[in-house]
Amino acid sequence: MSLSYSIKVYKQYFNFACSHFMIFEDGSREPLHGHNYRVKVKGDALELSSDMVFDFLDIKPVVREICDSLDHKLLIPKLNSKLKIFEEEKNFRIICPDESEFSIPKQDILLLPIENTSSERIAIYLNQKIRENTLQKFGYKFAQLEVEVEETPGQSAIYIHKEEPA
Ligand code: ZN
C-alpha cells in the first residue's frame, strides 16, 4: 500500500532551547552547551478522512505542548549506562564517566528515556510522544510519522516511524 497523503507542520513556535552534552563511546563527553532546536512533523495517511489526513488544528497543540515540555531544560539521557544519576531532595546529581559531576535543581532537568541526547535520539523521543498523545487525545494513528529535529540551521536529524498494517 502506498502512502498517498501527507500533512507537514513546522510552525515557528515548534522550538525549544535546551542545554545538553553528548556522552561518547570512549566515555568522554561534550562540554555543556545549548541549542535552539526546531521541529518539523510530517504525517501520512493511506486515505483521507473528511477530506483531510488529520486536522491541523488538532496536531499543532500536540506538537507545541511536547516542545514546550523540553524548553529551558538540561536534557539528561536516563538510559545512558555510563551516567550515574542520583535523585536527592531538591537536586539531581549526575556523575559522568570522566568523573565530572553536576548538581542541578530538579525543575531545571528533564530526564529523557533515551540513550544519548543526539538529535537522532531526541527525534525518536518526540516521534513517540507525538504518536502517544495523538492516539490518547484523538484515537488517531498516522500510517507513518516523520519527525525532524534541527539542532542548528541547516543541520537536522530525522526519525520515521511506520505503523504496522493492522
Ligand atoms: Zn549539542
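How far apart are the mean positions of the positive and negative charges of the protein? The protein carries 21 positive and 27 negative charges, and their mean positions are 2 Å apart. Please bear in mind throughout that this is a predicted model.

**The whole chain**

Begin by displaying the entire protein as a cartoon. The protein contains 2 helices and 10 strands. Reading from the N terminus, the elements follow the order β-β-β-α-β-β-β-β-β-α-β-β. Along its principal axes, the C-alpha trace of the protein spans about 55 × 30 × 30 Å.

Next, switch to a surface display. The accessible surface of the protein comes to about 9,500 Å², and 48% of that area belongs to carbon and sulfur atoms. Of the 166 residues in the protein, 40% are buried. Among contacts between residues at least 6 apart in sequence, 63% join residues at least 24 apart.

Move to N127, which lies in helix α2. Is N127 buried or exposed? Its relative accessible area is 0%, so N127 is buried. A polar atom of the N127 side chain lies 3.2 Å from the backbone oxygen of Y159. Not counting residues up to four places away in sequence, N127 touches several residues, including L145, V147, Y159 and H161.

Now select E115, in the loop between β8 (109-112) and α2 (119-138). E115 counts as partly exposed because its relative accessibility is 36%. The side chains of E115 and R121 are joined by a polar contact of 3.4 Å. Leaving aside neighbours within four places in sequence, E115 is in contact with P77, L79, N80 and R121. For a distance exercise, select L46 as well: the C-alpha atoms of E115 and L46 are separated by 33 Å, and the two residues are 69 apart along the chain.

**S100 and its partner**

Select S100, found in the loop between β6 (91-95) and β7 (101-105). Which residue has a side chain joined to that of S100 by a polar contact of 2.5 Å? The partner is D98. Beyond neighbours within four places in sequence, S100 is in contact with R29, I94 and I95.

**Two positive phi angles**

The last stop concerns the backbone. Most residues other than glycine have a negative phi. Select S50, in the loop between β3 and α1 (56-70); the phi of S50 is near 50°, a positive value. S50 counts as exposed because its relative accessibility is 61%.

Finally, select H72, in the loop between α1 and β4 (74-77). The phi of H72 is near 60°, again a positive value in a residue other than glycine. With a relative accessible area of 62%, H72 is exposed.

Conventions: Residues are numbered from 1 along each chain as its sequence is written. This is a predicted model: local features need pLDDT of at least 70, side-chain atom pairs count only at pLDDT 80 or more; totals for chains, interfaces and linings use all residues. Side-chain values use heavy atoms; hydrogens and water are left out. Helices (H or I, at least four residues) and strands (E, at least two) are DSSP runs, numbered from the N terminus. Buried means under 20% relative accessible area, exposed over 50%, partly exposed in between (1.4 Å probe, protein chains only). Contact means heavy atoms within 4.5 Å. A polar contact is a pair of N or O atoms within 3.5 Å; within protein, one must be able to donate a hydrogen and the other to accept it, and residues adjacent in sequence count only if both atoms are side-chain atoms. Accessible areas come from the Shrake-Rupley method with a 1.4 Å probe; for residues, only the protein chains shown count as cover. Lys and Arg count as positive and Asp and Glu as negative; His and the chain ends are not counted. The place of a charge is taken as NZ of Lys, CZ of Arg, CG of Asp or CD of Glu.
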